[in-house]
Amino acid sequence: MKNYLLMLFVALATISCSKKVEVKGNFAGGSPLERIEFVEASGVATLPLVNMGVDAKGSFSGSFDAPKNGMYIMSYAGKTAMVYLKGGQSFNISGKAENFPNQFTITGDAKKNNDFLLEAQKFIQSYAAKINVGELVAKDEAGFLKEADKIKSDIEKNIDLSAKNTSADSEVTNWKKDELRASILGLYNQYEANHGQVAQDVAYKPSQKFKDAVSKLDSDSDRLLKEQPIYRNYLLGKLSPEIQTFSTTNKKEGELPSSMFSRFLDTKKDMSQIAKDYLLAYVIGGDLAPGMTAANIASVSKTIKEKVKDAAIKKDLEHLQFVISGPKIGDAVPTAKLIKQDGADFKMADVKGKPTLVMFYASWNPYISEATVPVLKEVANFYKSKMDFTFVNFDDTKEQFIKTSNAMLKTIPGNNVYAEGGLNSQMAKDLGLYGFKLPSFVVLDKNGKIASRFFNNLGDPELIAALDKVSGLKAPTVQPQAQLQNDLLAPQNQAPQPAPVK
């Protein structure tokens, strides 16, 4: 009996601590080329947690580890919806593809909380549509404070009513109230920044009562920082005038915004370190972009290493930077196992002796067959005497890989191989590959080491230069088409040009 109880307690503890979310759904009338992704809404590194395929009937299923209970962005067919998920839940969603995200149905463990969000949000949208922010900002301070308090009270009452109607968890109810607090703080900030100009009262300064009201809303700021991106936007908006002043007098030539912003934060002695970390992470995310120069990559790396103190935020930013910039030139290619069509093992590290162009792709990206393959044939035909080619497929199944590679790449010389598990494979993890990075191309030298950054466009001049360098060949250049102009029509159809300044 004791052993049974012990096993029961262990099972219950495992269930309660599980981070796994099971997802099933159907969007009728959708394309089987579409994908379903989930992203943690409050994270600093907004990368998909899962990428799921949709079958011909619009059905999909999968699972992912939810980093924490909270809001998640669900994307489908280029559109997004917000849902509240908790680890250990089953999440079922259905609807018509053409109506997403405006109409859909949620069932399963996540139903109550998401019914609450839907009901509360409908009221808030209707209520907010009646608020004239311009008139609100023009009110005298006492009138504004009274109106702002009424807005908060009205919406909070509806949140409580919606929670009662749907039997929502206290966690999601409190999350919605925190979102409201952050929104009201944004309203206070608009009043403070704009009232003087709108009311033609240039001498306006917020009273102590105004400041006390802000302080009351702004209590427990660490929780708001961690859970509410809208609160981070509020803090950045509040700091905006100071940031602009600092930038005008202190920004260095060619300096990235994240580097300049980190130096600005050094002057904010009264700001908590966690606030600095979250705000700096937001700016760093804006600096990270495919094709970054080596100098900019080094700058961001230095800022992350020296300025971000929170270990979790630092880890997420470092991973995001790796995903955006890819492995370093000179690194050995990953040794994760790949599979040929006949089932034989294949490793990219074994392809040596000649430089290699590697393409990473999946059949559900229509760009591959429509635009990439025609160019790939020309590239392969030109460089094949001096280079090898490897095409790594990230479809959901081996069967789909075989079908895809035979249909699209059979006539192009090269190794056709499959990363088992698709975007969940070890190869995808080792290279930081996600759906938005496909197709990707990278050049390997004759020793199997990475010889270029990752590219998304096969016609990128920098990629062609890398191919020329490792192959010793020189690709033909295409002269830009001349732009001709009918000078007889120019006087009627063109604005006069200013005379040159002497």
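Predicted model: local features only at pLDDT ≥ 70, side-chain atom pairs only at ≥ 80, totals over all residues.
**View 1. Strand 7 and strand 8 run antiparallel.** Strands of a sheet pair through backbone hydrogen bonds, and the pairing can be parallel or antiparallel. Here, strand 7 (residues 90-96) is joined to strand 8 by 4 bridges. Asn92 has Thr107, in strand 8, as its bridge partner.

**View 2. Asn114 is part of helix 2 (residues 111-128).** Asn114 counts as buried because its relative accessibility is 6%, and buried means under 20%. The side chain of Asn114 reaches the backbone nitrogen of Tyr84 at 2.8 Å. A polar atom of the Asn114 side chain also lies 2.8 Å from the backbone oxygen of Ala110. Beyond its neighbours within four places in sequence, Asn114 is in contact with Val83, Tyr84, Phe91 and Ile106.

**View 3. Helix 8 (residues 229-250) falls short of the span of a straight helix.** Helix 8 has 22 residues, and its end C-alpha atoms are 28 Å apart, whereas a straight helix would reach 32 Å at 1.5 Å a residue. A kink of about 50° lies at Ser240, shortly before the proline Pro241.

**View 4. Buried residues of helix 8 pack against other helices.** Among the buried residues are Tyr231, Arg232, Leu239 and Phe246. The helices they pack against include helix 5 (170-198) and helix 10 (273-287).

Notes:
Residues numbered from 1 in each chain as written. Heavy atoms only, no water. Helix = DSSP H or I, 4+ residues; strand = E, 2+ residues; numbered from the N terminus. Buried < 20%, exposed > 50% of the residue type's maximum accessible area, 1.4 Å probe, protein only. Polar contact = N/O pair within 3.5 Å; in protein donor to acceptor, adjacent residues only side chain to side chain. Contact = heavy atoms within 4.5 Å. Expected span 1.5 Å × (residues − 1). Bend = angle between axes of the 7 residues up to and from the residue. Pairing = 2+ DSSP bridges.
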